[in-house]
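I opened this notebook to keep track of what I looked up, one place in the chain after another.

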Amino acid sequence: HASLFCDAHNGPVIKAGYDAMLQRLADIDPSSSAALAKMSRCLPFVSDDPPLGQVEVEEFAALLHSAFPGALPEPDSLQGRAVLTAKRLGSALASAWGEDWPGE
């Protein structure tokens, strides 16, 4: 499986290129296009912005503690941003791959 990380700046271009590549390949060889589409995905944008809402704040604190025991629950810290990004990337992977997501 290959996941293409699409950031806020380059993501729209990467996604458009990916979609055009799949379409062009489908015009030439539909089975190859289907195989490539099955094994690759463009991920939705993932941010390390501070947590939004109470549920995410609580999940953030638990994840931060499990990854960095004793760290202060500061979303703007390097550890906090890393935990937020990892959590959100996991959600983006699960969303992009749907039933094909192999999990952790």
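The entries below follow the order in which I went through the structure.

**Entry 1: the model**

I noted at the start that this is a predicted model, and I read every entry with that in mind.

**Entry 2: α1 against α2**

I began with two helices, α1, which covers residues 11-28, and α2, which covers residues 30-39. How do the axes of α1 and α2 cross? I found that they come within 6 Å and cross at roughly 150°. Angles over 145 degrees count as roughly antiparallel, and α1 and α2 are therefore roughly antiparallel to each other. I then listed the residues that meet: on the α1 side they are Y18, M21, L22, L25, A26 and I28, and on the α2 side they are P30, S32, S33, L36 and A37.

**Entry 3: S33**

Not counting residues up to four places away in sequence, I found S33 touching L22, L25 and A26. With L22 there is also a polar pairing, in which a polar atom of the S33 side chain lies 2.9 Å from the backbone oxygen of L22.

**Entry 4: the salt bridges**

How many salt bridges does the structure hold? I counted two, and I looked at each in turn. As background I wrote down that side chains of opposite charge can pair when their charged atoms come close.

In one of the two, the side chains of D19 and K15 meet, with 2.9 Å from N to O. D19 and K15 are separated by about one helical turn, because they are four residues apart in helix α1. The general rule I set beside this is that an α-helix has 3.6 residues a turn, so residues three or four places apart point the same way. As for accessibility, D19 is partly exposed at 36%, and K15 is partly exposed at 37%.

The other salt bridge joins K87 and E59, whose closest N and O atoms are 3.0 Å apart. This pair links distant parts of the chain, with K87 in helix α4 and E59 in helix α3, 28 residues apart. I read a relative accessible area of 23% for K87, which means that K87 is partly exposed, and a value of 36% for E59, which is partly exposed as well.

**Entry 5: α4**

Helix α4 runs over residues 78-97, which makes 20 residues, and it reaches 28 Å from its first C-alpha to its last, close to the 28 Å expected at 1.5 Å a residue. Which residues of α4 are buried? I listed G80, V83, L84, R88, A92, L93, A96 and W97. Just after α4, I noted that G98 takes a positive phi of about 55°.

**Entry 6: D49**

I next looked up D49, which lies in the loop between β2 (40-42) and α3 (53-67). D49 counts as partly exposed because its relative accessibility is 47%. Leaving aside its neighbours within four places in sequence, D49 is in contact with L84 and R88, both of which are among the buried residues of α4. I also took the C-alpha distance from D49 to G80, which is 9.8 Å across a separation of 31 residues in sequence.

Beyond residues up to four places away in sequence, R41 touches A2, S3, L4, Y18, A96, W97 and D100.

D100 is partly exposed, with a relative accessible area of 34%. With neighbours within four places left aside, D100 is in contact with H1 and R41. For a C-alpha distance I noted the one to A20, which is 80 residues away from D100 in sequence and 22 Å away in space.

How values were computed. Residues numbered from 1 in each chain as written. Predicted model: local features only at pLDDT ≥ 70, side-chain atom pairs only at ≥ 80, totals over all residues. Heavy atoms only, no water. Buried < 20%, exposed > 50% of the residue type's maximum accessible area, 1.4 Å probe, protein only. Contact = heavy atoms within 4.5 Å. Expected span 1.5 Å × (residues − 1). Polar contact = N/O pair within 3.5 Å; in protein donor to acceptor, adjacent residues only side chain to side chain. Salt bridge = Lys/Arg side-chain N within 4 Å of Asp/Glu carboxyl O. Axes fitted to C-alpha atoms, helices over the stretch in contact; angles between N-to-C directions. Parallel < 35°, antiparallel > 145°, perpendicular 65-115°, else oblique.
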